[in-house]
Amino acid sequence: MSSADSEQPIHPPTRPRQSVEELLAAKGTRPIASLDDLTADTFASDEEVEEFVAFTYSERRRDVA
């Protein structure tokens, strides 16, 4: 083993700690103002939603029987 290997730290250097506010500011996020901020057009139709819900329920019950 060379002396260079023994001088390397065991753990990687730690990053400076940032507050939640600093992390959010760095990402450009903003507080949720209303429920409309959380909406997403995930499903194209009501039928797709119903299929997804039925699939989810069947998968949850699959191992129960």
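Glu48 lies in helix H3, which spans residues 46-61 (helices, H or I of at least four residues, are DSSP runs numbered from the N terminus). The model is predicted, so local features need pLDDT of at least 70 and side-chain atom pairs count only at pLDDT 80 or more, while totals for chains, interfaces and linings use all residues. Residues are numbered from 1 along each chain as its sequence is written, and side-chain values use heavy atoms, without hydrogens and water.

With a relative accessibility of 35%, Glu48 is partly exposed (buried is under 20% relative accessible area, exposed over 50%, partly exposed in between, with a 1.4 Å probe and protein chains only). Glu48 belongs to a negative surface patch together with Asp46, Glu47, Glu50 and Glu51. Such patches consist of residues with over 30% relative accessible area and no salt bridge, like charges being joined within 9 Å. Asp and Glu count as negative, and the charge is placed at CG of Asp or CD of Glu.

Two salt bridges are found in a search of the whole structure (a side-chain nitrogen of Lys or Arg within 4 Å of a carboxyl oxygen of Asp or Glu).

| Salt bridge | Closest N and O atoms |
|---|---|
| Asp37 with Arg30 | 3.9 Å |
| Arg62 with Glu59 | 3.3 Å |

In the pair of Asp37 and Arg30, Asp37 is partly exposed at 36% relative accessible area, whereas Arg30 is exposed at 62%. In the other pair, Arg62 is exposed at 55% and Glu59 is partly exposed at 33%.

Terms used
Patches are made of residues with over 30% relative accessible area and no salt bridge: like charges are joined within 9 Å, nonpolar side chains (Val, Leu, Ile, Met, Phe, Trp, Tyr) within 5 Å. Accessible areas come from the Shrake-Rupley method with a 1.4 Å probe; for residues, only the protein chains shown count as cover. Helices (H or I, at least four residues) and strands (E, at least two) are DSSP runs, numbered from the N terminus.
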